[in-house]
Amino acid sequence: MEDIIFELQFFLEVLISGLLTGSLYSLVALGFVLIFKASGVFNFAQGAMMLFAALSLVGFQELLGVHWTVAFVMAIAVMVLLAWCVEKFVLGKLVNQEPIILFMATIGITFFLDGFGQTLWGSDIKVMDVGLPTGSFDMGGIFIDKLELVAGFTAGALVLALALFFNKTKIGRALRAVADDHQAALSVGISLRTIWIIVWSVAGLVGLVAGIMWGSKLGVQFSLTLLALKALPVLILGGFTSIPGAIVGGLIIGSGEKLAEIYIGPFVGGAIENWFAYMLAMVFLLFRPQGLFGEKIIERV
Amino acid sequence: MVENTVKPGEILLSVEDISLSFGAVRAISEVSFDIKKGEVRAIIGPNGAGKTSMLNCINGFYHPQQGTITYKGITRSAMKPYEAAAQGIARTFQNVALFKGMSTLDNIMTGRNLKMKSGILASTLWWGKAQKEEMEHRRFVEDIIDFLEIEAIRKTPVGRLPYGLQKRVELGRALAAEPELLLLDEPMAGMNLEEKQDMCRFILDVNDEFGTTICLIEHDMGVVMDISDRVMVLDYGGKIGDGVPDEVRNDQNVIDAYLGGGH
């Protein structure tokens, strides 16, 4: 009997840890979804934006010796400026181009941000210190990581705020309009420029929040951009156009890979946590290419 | 922006000698015409005559390589579509360009976009004020919904509506902007007889009740002749006729173009 209780506790611990890690994947995926929805571009640079935002925050903290809240506001300003530059010098010039060309442009932005960020702030691993709790606590025999819990709540709050923004404000309606039909949006007097700047700014803000969480967990370093790759299976699962999809996808991937590592891992020699997500995504692609919540694309012929 | 007011009967928009080509293809060649305040102006012609290209030039989607467009006394060079919208030009599209995932109500609300004053920060931070503004616009939109008799589909996502109703919602969105000039691209295409009659009635009512100037494209001659004050005929990108319906109907060039004679 005691054995069963212990097993159950262990299972729950793995599951909860997986779900909370998953919410961190969701944060990264969220940035992709926002930009994909509004401009139809798969923004390869989302990972680089996350790193750049986190680097800026830590950089301002170190350089100016200001409180992290001040540095946070300054980092937001940097991301808004970046959004403006992206629209002005890249996207604005590529209106009506093929998606693949826009995609290539975002790869360009990725490498620029990686290089420029390290030129500005240096390439050594930095410590993200915004006073997030560390360690874990015991809840009825289940150990929960405090940082992961905070990340989970933050992701939830962010999603709620974005949902309100998208559904209840005039700008939100304009954003949805642009996502649906560029031409019609223009004809009712919506400026694509403004909308793109707003979307990229919001994606930058989401990147900053994700950067803070991941930075606190792993340190602010170049490998954070690679985390963006983990967002890919999340997006394939959840659908590229759905905010709830990004959340659910993240939770499934996060918990799935942890559980797989523990319960399937031993039979295949372990270390499946690293590729499980991609395999899951591939299987998913075969059966439901539009993702759980994505819009089914039906081509009229 | 200088606000010029144009009295009924005066010229609201004039197009001088414009030409538009895409590479080697000439969509419009040297066409001039004008639209008077308060009239229903039609542009007709066979498929590929350059009718839609003409509308696209007027609201800024295309920029003609040659010629000028004067609207409310201001001659303009390349203008962006949202600037045209800001100056009171609204339009509908040939292939219905609605926001398919949004409800009828939300679609028509987007038409109020330019009338809403609260900026980005204001609508995010001063929730109360923005909400109050939203309510006022909502009332206006409800009036349009009543006017177009689409109360029953207020909350339905427009992607699910039949084609005829979608066209009506699109007209509603254009009306929500309280346009001075309303451009309608084939408002009756693909409709059955009853739907066509409804649409005609709405167009005439908009023109009568709100004094909105209307420029519409059709290739169904019959309908156009009944509701238009003046008709321009395009064929192969050039103007081949212009005048009141009776004149145009009896014009030999027009008859040839429509009956396929002379080609």
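1. A charge is said to sit over a ring if NZ of Lys or CZ of Arg is within 6 Å of the ring centre and within 35 degrees of the ring normal. In chain B, the charged end of Arg201(B) sits over the ring of Phe202(B), 5.0 Å from its centre, and Arg112(B) lies over the face of Phe140(B), at 3.8 Å from the ring centre.

2. This is a predicted model, in which local features need pLDDT of at least 70 and side-chain atom pairs count only at pLDDT 80 or more, while totals for chains, interfaces and linings use all residues. Residues are numbered from 1 along each chain as its sequence is written, chains are lettered from A in the order in which they are written, and side-chain values use heavy atoms, with hydrogens and water left out.

3. Over all chains the structure holds 16 aromatic pairs, where rings of Phe, Tyr and Trp (its six-membered ring) pair if their centres lie within 6.5 Å, with planes under 30 degrees apart counted as stacked, over 60 as edge-to-face and the rest as tilted. One of them is the tilted pair of Phe11(A) and Tyr263(A), at 6.1 Å centre to centre and 50° between the planes. It links distant parts of the chain, since Phe11(A) belongs to helix H1 (residues 2-39) of chain A and Tyr263(A) to helix H10 (residues 243-263) of chain A, 252 residues apart; helices here are DSSP runs (H or I, at least four residues) and strands likewise (E, at least two), numbered from the N terminus.

4. The rings of Phe60(A) and Trp121(A) have their centres 5.3 Å apart and their planes at 70°, so this pair is edge-to-face. Phe60(A) is buried at 14% relative accessibility, and Trp121(A) is buried too, at 18% (buried means under 20% relative accessible area, exposed over 50%, partly exposed in between, with a 1.4 Å probe and protein chains only).

5. Ring pairs also join Phe32(A), Phe36(A), Phe42(A), Phe44(A), Phe103(A) and Phe240(A) into a cluster.

6. There are five cavities of 30 Å³ or more, a cavity being a set of points on a 1 Å grid over the protein atoms alone where a 1.4 Å probe fits but cannot get out, with lining residues having an atom within 4 Å of a point. The second largest cavity has a volume of about 70 Å³, a volume being the space filled by probe spheres set on points joined across faces, edges and corners. Of its 13 lining residues, the closest to the centre are Ser187(A), Val188(A), Ile89(B), Ala90(B) and Ala177(B).

How values were computed: On a 1 Å grid over the protein atoms alone, a cavity is a set of points where a 1.4 Å probe fits but cannot get out, and a pocket is an open set with protein on both sides within 12 Å along at least five of seven lines; lining residues have an atom within 4 Å of a point.
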